[in-house]
Amino acid sequence: MFLGSGDGTFKPGQTIQSGTSGYVFFAVADINMDGNPDVLATGGEGLVALLGNGDGTFSTGPAIVNETGEPVSTRTANRI
């Protein structure tokens, strides 16, 4: 993943991986409304939220949908 520098260039890329497989598709949004961009990512682990720390790094948040497409739990999904 390459984060923008805000001047038309990009910072060095970083690899974000969960478990034994990496993520394939990303969507960026402020999903927990804290003012920091967050990432929804899909891959072998299902759909997960990567919550932005505000410094260009991300914390692995809760899994939302597992690898079979089933919701992990409504309690987990509502935490975001």
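**Getting my bearings**

I read along the sequence and noted the pattern β-β-β-β-β-α. That gives one helix and five strands; helices (H or I, at least four residues) and strands (E, at least two) are DSSP runs, numbered from the N terminus.

I noted that this is a predicted model, where local features need pLDDT of at least 70 and side-chain atom pairs count only at pLDDT 80 or more, while totals for chains, interfaces and linings use all residues. Residues are numbered from 1 along each chain as its sequence is written, and side-chain values use heavy atoms, with hydrogens and water left out.

**Burial**

I looked up burial next: of the 80 residues, 21% are buried (under 20% relative accessible area; exposed is over 50%, partly exposed in between, with a 1.4 Å probe and protein chains only).

**Ala 27**

I then picked Ala 27, which sits in strand S2 (residues 21-29). Is it buried or partly exposed? Ala 27 counts as partly exposed because its relative accessibility is 39%.

Which residues does Ala 27 touch, leaving aside neighbours within four places in sequence? I found contacts (heavy atoms within 4.5 Å) with Asp 38, Val 39 and Leu 40. The C-alpha atoms of Ala 27 and Val 39 are 5.6 Å apart, though twelve residues separate the two along the chain.

**Strands S3 and S4**

I moved on to strand S3 (residues 38-43), which pairs with S4 in the antiparallel sense over five bridges; pairing takes at least two bridges found by DSSP. Here Ala 41 stands opposite Val 48 in S4.

Strand S4 (residues 46-52) is largely enclosed by the rest of the structure, because five of its seven residues are buried.
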